[in-house]
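Dear colleague,

I am passing on the structure below, and after it you will find my notes on what was found. Please read them with the model open beside you.

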Amino acid sequence: MRISVQNEFFDFSTEIKNFSATLENIGALVTFTGIVRGQKSQTLDYMVIEHYPGMTEKQIHLIVEEAFKRWKISDALVIHRYGKLDPGEPIMMVATAAEHRIEAFEAAEYLMDYLKSKAPFWKKEVLNGEENWVESASEDETALSRWQ
Amino acid sequence: MVDLIYFSWIRERIGKSGESIETSATTVLELIEELKKKDIRYSEVFSDLGSFRVAINQELADFDASIVEATEIAFFPPMTGG
């Protein structure tokens with residue numbers, strides 16, 4: 001398991017390569033990367049992500065541990081950035097490895113659903129110089145009900 | 001003494017990222033009522049319980065949770081990670 005909460009840019013192909021290099025006896029590797037939208041429309045100047053240092057890492061750890069309990073996965077990776085992010089930049093990624101694809105897919109979806117509404121991050125969008133906090137979508141918290 | 005921490009628009013509207021306070025409140029709800037009496041910024045921010053969340057000692061908590069053992073209480077809007 002590797003969890004990284006970082007300001008620095010990451011290259012997802014390098015991360016996937018490093019993650020998969022340590023794995024043995026797996027048959028499935030699922031990855032998801034979230035990207036800051038708006039690179040073509042040029043409506044978004046940039047995004048700022050605030051987080052709760054200390055709690056963020058703990059909370060992600062709990063979420064990943066729960067995924068390990070629920071699915072037979074061999075390893076998991078979570079990277080989530082904070083700070084100022086430009087359109088087109090990666091925000092976060094998850095990767096899961098398992099013997100079979102169902103476990104890898106479901107665990108990755110579970111991680112995504114919980115990171116969205118149970119990890120202490122707050123996104124602010126800056127559009128044409130105007131700042132707006134991104135409101136949580138009610139379907140994000142509803143999405144958790146399918147795992148309960 | 002307990003440390004209060006504010007995030008996102010709660011931090012912006014209260015005008016500070018946190019503060020240390022003395023409180024006789026025993027639950028989050030009692031603390032919120034106490035804060036609302038401080039001034040209008042607090043009473044506005046905490047007027048709608050559906051609009052924010054709370055963590056006690058860096059763990060998500062309910063509004064009726066005890067804060068007797070709390071050293072750090074954070075208030076923030078619903079999270080928008082991912």
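From the N terminus on, the elements of chain B follow the order β-α-β-α-α-β-β-β, which comes to three helices and five strands; helices (H or I, at least four residues) and strands (E, at least two) are DSSP runs, numbered from the N terminus. The radius of gyration of chain B, taken over C-alpha atoms, is 12 Å, close to the 12 Å that the globule rule (2.2 Å times the number of residues to the power 0.38) gives for 82 residues, so chain B is as compact as a globular protein of that length. Along the principal axes, the C-alpha atoms of chain B fill a box of roughly 30 × 30 × 20 Å.

Please keep in mind that this is a predicted model, in which local features need pLDDT of at least 70 and side-chain atom pairs count only at pLDDT 80 or more, while totals for chains, interfaces and linings use all residues. Residues are numbered from 1 along each chain as its sequence is written, and chains are lettered from A and ligands numbered from 1 in the order in which they are written.

Of the 82 residues of chain B, 30% count as buried, a residue being buried if 20 or more other C-beta atoms lie within 10 Å of its own, exposed if 12 or fewer, and partly exposed in between, with C-beta atoms placed from the backbone. In helix α2 (residues 28-36) of chain B the buried residues are B:Val28, B:Leu31, B:Ile32 and B:Leu35. They cover an arc of only 100 degrees around the axis (judged by the directions from the helix axis to the C-beta atoms), which puts them on the same side of α2(B). The cover over these buried residues includes α3 (40-45), β3 (53-56), β4 (59-61) and β5 of chain B, where contact requires C-beta atoms, placed from the backbone, to lie within 7 Å.

As for the contact between the chains, 13 residues come from chain B and 21 residues from chain A. On the side of chain B that touches chain A, the elements giving two or more residues are α1 (8-14) and β5 (72-76) of chain B.

Lastly, in chain A, A:Met1 lies in the segment before β1 (2-6) and is partly exposed, with 13 other C-beta atoms within 10 Å. Leaving aside neighbours within four places in sequence, A:Met1 is in contact with A:Val64, A:Asp75 and A:Ala76.

Terms used:
Two residues are in contact if their C-beta atoms, placed from the backbone, lie within 7 Å.
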